[in-house]
Each structure stands twice: as C-alpha cells, then as structure tokens.
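Visitor: Could you walk me through this model, one question at a time?
Guide: Gladly, here it is.

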Amino acid sequence: MDPSFGPADLDQTLSRRTDPLVDKRLGERRATNARILTGSILVIAILYVARQVFIPIALAILFAFLLRPIVQILERTFLRRTGAIALSLGISVAVLFLGTWSLASQINSLAREVAAYSGNIERKLSFLKRSPTGTLALVERTLQRVAESTEQLERADLKVRVIPERKTLGDRYEEAAPTIEYVAAAFLVVVLVFFLLKDREALRDKILRLAGRANLTVTTQAIGEASHRISRYLLTIALLNIAFGLIIGMGLVLLQVPHAALWGVLSGLLRFIPYVGVVLAAAMPTVLALAVFPNWYEPLAVLVMFLLADQLLAGFIEPLVVGHRVGVSPIALLMVAIFWGWLWGPVGLLLATPITVCLTVSGEFIPALRVFSILFGTEAPLEGYLSFYNRLLLGDRAGAIALADRHAEASSMEATFSEMIVPTLTFAAEELKRARITTVNDHFIKDVTRDVIARLGDRNAAVSDPPRRVIAASVAAERLSLGTLMLSQLLRREAWQVDSFTELPVAELLEHIRQVSPEAVLLSCSNMAHLEHGHSLLAMLASEHPDLLIVAGGSAFSRDAAATVNAGATFVPAVLSEAKEEFLRQLKKSQKRPRNFSGQVRVPGV
C-alpha cells in the first residue's frame with residue numbers, strides 16, 4: 001500500500017515495549033559480531049607471524065590466475081596441459097630471472113654514477129640561496145657545524161689495525177642463508193603454480209565437496225565466473241602495466257635519460273601499487289634527469305611524459321579494455337595498500353591490488369565473503385531509497401535533494417517517486433511506529449520529500465495548447481497529501497495544468513470549479529478528524545458535477561475506500577504506479593458522457 005494514498009496499515013503487534021524475541025536476536029547479533037572481530041584479529045595475527053609461509057602461497061595463486069588464460073589457449077594445441085604449463089612457466093621464470101639480473105646490474109651501475117651528478121644538482125639549487133640567512137644556507141651551516149664537532153671528538157692520533165677474523169662454516173652459512181631462502185621460496189612458488197594449474201579441476205571439486213550437494217549449482221557457477229573474471233582482469237592489468245613500462249622506457253630513451261630500461265621496469269612494477277606507485281615511479285627518473293642535465297627542460301619533460309602516459313591508460317584505455325566488471329573503490333585500494341604494506345612489506349604493496357580484486361569479485365558470488373564486496377566495491381552499499389532515507393535522517397537536506405536529482409536524471413521522475421520516495425515514506429512510517437525515530441524526524445522527512453516532489457515536478461512540467469486543467473485541493477486547510485502531490489506532478493509532466501489549493505474556503509473552491517470547468521479534481525484528506533468533512537465535500541462535488549472525475553487521495557480517504565467512493569469519489573488510488581493509468585482510464589470513460597456544471601448545491605458554513 002502506498003503510504004501517500006492509503007493508511008500505513010502496519011503490524012499492530014509492534015510495541016514500544018521490549019520484546020524477548022528481539023532481545024534474543026540482538027544478543028545473537030552481538031555474539032556474531034564478537035566472533036567476527038575475534039576471528040579477524042586472529043587471522044591478521046597469523047598472516048603477520050607466518051608471512052614467510054603465506055607470501056609464497058599468495059604469489060603462487062596470483063601467478064596461477066595470471067597464467068591461467070594463457071595455459072588454456074596453449075593446451076588446445078599439441079602441447080597439451082603439461083607442456084602448456086611448462087612452456088608458460090619456463091618463459092615467465094626466464095623473463096623474471098633476466099629482468100632481475102638486469103635490474104641488479106643497472107642499480108649497481110647507477111650507484112657508481114650518482115656522485116658524478118651532484119654538481120648539477122648544486123647548480124640548480126643555487127638560485128634558492130638568495131641570502132646568507134636563507135633556509136638552505138642555514139641548513140648547510142648547521143650540518144657543517146655538526147660535522148666539525150664530530151671530527152673534534154675523534155682521536156686522530158690513534159692508529160687502529162684491523163685483523164680480519166676467520167669465519168667459521170656457521171658464519172658463512174648465515175651470510176648465504178637469505179639468498180638460499182629466497183631461491184628456495186622462488187622454487188616452491190614455481191612448483192606450486194605448476195600444480196595449481198595442472199590440478200585446478202581437482203581443487204575446484206574439493207571446494208564443491210566442502211560446499212555440499214545442496215549448494216553445488218550455485219558454488220559451481222560462483223567459482224567458474226569468479227575465477228574467469230579474476231584471471232582476465234589480472235592478466236589485462238598486467239599487460240597494461242607492461243605497456244606503461246614500455247612507453248616510459250622508450251620515452252626515457254628518447255630523452256637520453258640514463259638507465260631508461262631500469263626506470264621502465266620499475267614503472268611497470270610500481271603501477272601495481274594504486275595511485276602512489278606512479279608518483280614514486282616518476283620521482284626517481286625525474287631526480288636523475290635533474291642531476292644529469294644542465295637545464296630544466298628534460299626533468300619537466302619526464303614529468304609530463306609520466307602524466308600523459310598514466311592518463312592515457314587510466315582515463316581511456318583501461319575503461320575500454322577492462323570496463324566496470326570489477327570495480328574497486330579508490331579509498332579501499334589506498335587503505336588496503338597501506339594494510340598489506342604494513343603486513344607483508346614491499347611484496348604486500350605489489351599484492352594489495354590483486355588480493356583486493358580477488359576478494360571483491362569472490363564476495364559477489366560467495367555469501368561468506370559478501371563483506372569484502374560491500375567494503376571494497378564501487379557499487380552503492382545501500383539501496384537507493386535507503387541512502388535517501390539516511391540523508392534525511394541525518395538532516396542533510398542538500399544531500400537528499402542531490403541524491404533524488406541524480407536518480408531522476410538517471411531514470412525518470414515517475415521511477416524516482418516509485419523507487420525512492422514511496423519506499424522512503426513507507427520505511428519512515430514503520431520506523432516511527434517502532435519508536436526508532438521521533439516525530440521531529442518524521443516531519444523533516446516529509447517536508448524535504450515534499451520539496452523534492454515539487455522540485456522534480458517544476459523541472460519536468462510540460463505545457464499543452466489548449467491547456468487541460470486539473471484542480472488539486474485539500475480538506476479543512478490541510479496540506480496536500482504526498483500521494484496527491486506526486487500524482488499532480490505526474491499529470492503536469494503529461495502537459496496538464498494543475499491548480500493547487502489548500503486553504504481555499506469550500507464556497508470559493510466550488511465557484512472556481514464552476515468557472516474553469518476542470519477535467520478532474522484531486523481531493524486530499526489525511527487527517528481522520530476531517531474525514532466527515534471530506535465526505536461531505538465529495539458529496540457536494542458529486543451532486544453538483546455528476547460527470548466530473550473526482551480522485552480522493554490521502555490516508556484518511558484510503559482508510560475506508562468503499563465509504564469514500566460511496567460519498568462521491570470516482571476512485572481512490574492505492575498504488576502510485578497505477579494511479580496515473582487509472583486516472584487516464586477513468587477520464588476517458590467520463591469524457592464519453594456529456595459534461596454538466598450548471599447544478600446548484602447549498603454549501604453549509606465551515
């Protein structure tokens with residue numbers, strides 16, 4: 001039932017007293033929340049303490065998702081599955097090994113060359129030393145005094161001879177242990193990726209068995225769709241980041257920036273870190289260009305190149321290639337990057353975006369992971385009318401109006417009434433009945449809703465020639481019911497001219513009807529204390545204008561629709577979505593009869 005036209009008719013068993021069943025449900029909810037909080041803290045602690053175990057597993061799963069589309073294509077050839085996996089892994093390992101070796105050699109070369117570039121930086125920053133009391137001069141003098149005081153504390157006449165200590169086998173193992181651990185971890189990642197790709201159907205069947213027979217269909221669809229979308233997304237993002245690194249590398253080669261290949265590879269890797277990665281990638285070659293070149297053109301050209309390349313990919317290519325199938329909130333990406341960076345260090349920063357995407361997509365299909373889809377996704381966390389209701393409850397008039405405007409622009413005024421305004425009023429009536437909101441909240445909600453309805457009606461009103469007129473009036477100086485107001489705005493959109501009256505005396509209202517000869521009258525009554533007066537006015541209108549279409553709206557009229565129709569109303573709308581259609585249908589029926597506005601009825605004093 002539309003609350004604007006009819007009574008709320010809510011559950012009469014609702015009471016302000018505490019219900020034992022409600023207390024039980026609240027207790028269960030608190031216990032569930034406590035278990036979730038405790039479990040989350042425990043999981044985070046385990047991930048931090050056992051990060052040396054989980055990081056290789058996470059990397060293996062990530063590489064398995066990345067290589068899955070490639071393996072699926074190659075295994076259709078003569079290579080079959082084993083050969084396709086071996087070839088894909090072999091190429092990937094070779095590329096990573098050669099890339100790591102090249103990066104290490106270029107970093108060593110860069111470290112040896114940095115000292116030769118310090119003169120250019122000093123000359124470029126010399127213009128900042130405007131006076132002996134400048135900031136840079138003050139810092140320079142302070143550092144010089146600290147260095148001099150440190151030298152005075154040293155005893156220059158003391159000669160020390162260092163005798164190298166013979167290293168035992170244990171000492172040599174401790175030096176080589178980190179390298180051995182990294183190599184072993186990399187080998188385990190490669191082996192794990194191989195078996196994840198080779199036995200992926202068996203792993204899927206194990207998950208289906210855990211889900212149970214009852215959830216077999218849903219779980220199968222969820223796993224298939226989620227894995228497909230994650231694999232495609234991660235592979236696409238990886239290829240785009242590789243393209244970004246190639247663009248940066250070739251651009252730096254053209255600008256003659258030293259070690260362009262190093263900066264290109266680092267740019268592609270750092271772009272996996274959301275937002276901050278591109279800034280870090282641009283800072284390093286820019287500083288190097290500042291040190292190498294004698295002027296400012298090359299450093300500025302490097303910055304502009306990074307800006308244009310990132311905007312090209314993020315603003316044009318990524319929306320076309322990736323689309324909005326996997327949407328992750330920017331705020332969520334930044335927060336998750338901080339979290340995983342704290343938890344797992346640099347590897348966590350690189351894995352933050354892939355892990356977030358996996359959790360977000362999985363949450364769309366797996367109910368247990370729905371929390372991640374809500375927290376990380378870009379979709380609205382609340383339904384449209386709940387967001388509107390939330391703004392109203394917080395007293396945010398401007399925000400509520402803006403939300404209604406956006407909804408109307410995206411759909412239509414009628415859809416906004418049916419999908420946002422009516423559900424909000426219904427929900428507010430239920431909350432008022434349960435004493436969860438005050439009458440002040442309820443009045444504010446209705447006042448802002450009335451403004452929204454009038455605003456949308458004025459924006460969408462059309463004009464017809466000749467004008468088709470409708471009169472909207474209320475009983476006993478009431479305000480028009482929200483349902484009547486919405487119906488009148490819908491009629492204005494269909495090029496009807498609506499004359500609205502709320503405080504017009506009955507005699508003047510009847511005289512106005514005689515003069516303008518409207519097509520219909522919308523009469524509103526929401527207060528039960530005015531119902532008898534409303535029925536009397538309906539009887540007057542029906543007696544004086546028997547062929548006039550009279551629509552009776554408001555909760556008081558709707559509470560006893562049969563009595564309202566017997567009093568003289570043509571019909572009493574119940575649902576807004578059907579009110580306009582019923583109005584037009586009844587109007588067409590009344591137009592087939594001759595119109596008569598000549599009757600005289602005695603109007604009692606009011």
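The questions and answers below go from the overall picture to single residues.

Guide: A word on the ground rules: this is a predicted model, in which local features need pLDDT of at least 70, side-chain atom pairs count only at pLDDT 80 or more, and totals for chains, interfaces and linings use all residues. Residues are numbered from 1 along each chain as its sequence is written, and side-chain values use heavy atoms, with hydrogens and water left out.

Visitor: How many helices and strands are there in the protein?
Guide: Helices (H or I, at least four residues) and strands (E, at least two) are DSSP runs, numbered from the N terminus. By that count, the protein has 24 helices and 4 strands.

Visitor: What percentage of the 606 residues of the protein count as buried?
Guide: Buried means under 20% relative accessible area, exposed over 50%, and partly exposed in between, with a 1.4 Å probe and protein chains only. Of the 606 residues, the buried share is 38%.

Visitor: At what angle do helix α7 and helix α8 pack?
Guide: Axes are lines fitted to C-alpha atoms, for helices over the stretch in contact, and angles run from 0 to 180 degrees between N-to-C directions. The axes of α7 (residues 200-211) and α8 (residues 216-254) are 9 Å apart, and the packing angle is about 145 degrees.

Visitor: Which residues of α8 does α7 meet?
Guide: Contact means heavy atoms within 4.5 Å. From α7 come Arg-204, Ile-207, Leu-208 and Ala-211, and their partners in α8 are Leu-216, Thr-219, Thr-220 and Ile-223.

Visitor: How does the end-to-end distance of α16 fit its 14 residues?
Guide: The expected span of a helix is 1.5 Å times one less than its number of residues. For the 14 residues of α16 that gives 20 Å, so the span agrees with the distance between its end C-alpha atoms, 20 Å.

Visitor: Which side chain does His-407 join in a polar contact?
Guide: His-407 is placed in helix α16 (residues 397-410) and is one of its buried residues. Setting aside residues up to four places away in sequence, His-407 touches Ser-412, Ala-415, Thr-416, Glu-419 and Met-420. A polar contact is a pair of N or O atoms within 3.5 Å; within protein, one must be able to donate a hydrogen and the other to accept it, and residues adjacent in sequence count only if both atoms are side-chain atoms. At 3.3 Å, the side chain joined to that of His-407 belongs to Glu-419.

Visitor: Is Ser-474 buried or exposed?
Guide: Ser-474 is found in strand β1 (residues 468-474), and its side chain reaches the backbone oxygen of Glu-478 at 2.4 Å. Beyond neighbours within four places in sequence, its contacts include Phe-501 and Ser-524. Because its relative accessible area is 7%, Ser-474 is buried.

Visitor: What is phi of Ala-476?
Guide: Ala-476 lies in the loop between β1 and α19, and at 38% relative accessibility it counts as partly exposed. Its phi is positive, in a residue other than glycine, with a value near 55 degrees.

Visitor: How far apart in space are Arg-493 and Val-463?
Guide: Arg-493 is found in helix α19 (residues 482-493) and is partly exposed, with a relative accessible area of 37%. Apart from neighbours within four places in sequence, Arg-493 is in contact with Met-413, Asn-460, Ala-461 and Ala-462. Val-463 is 30 residues away from Arg-493 in sequence, and the C-alpha to C-alpha distance is 8.4 Å.
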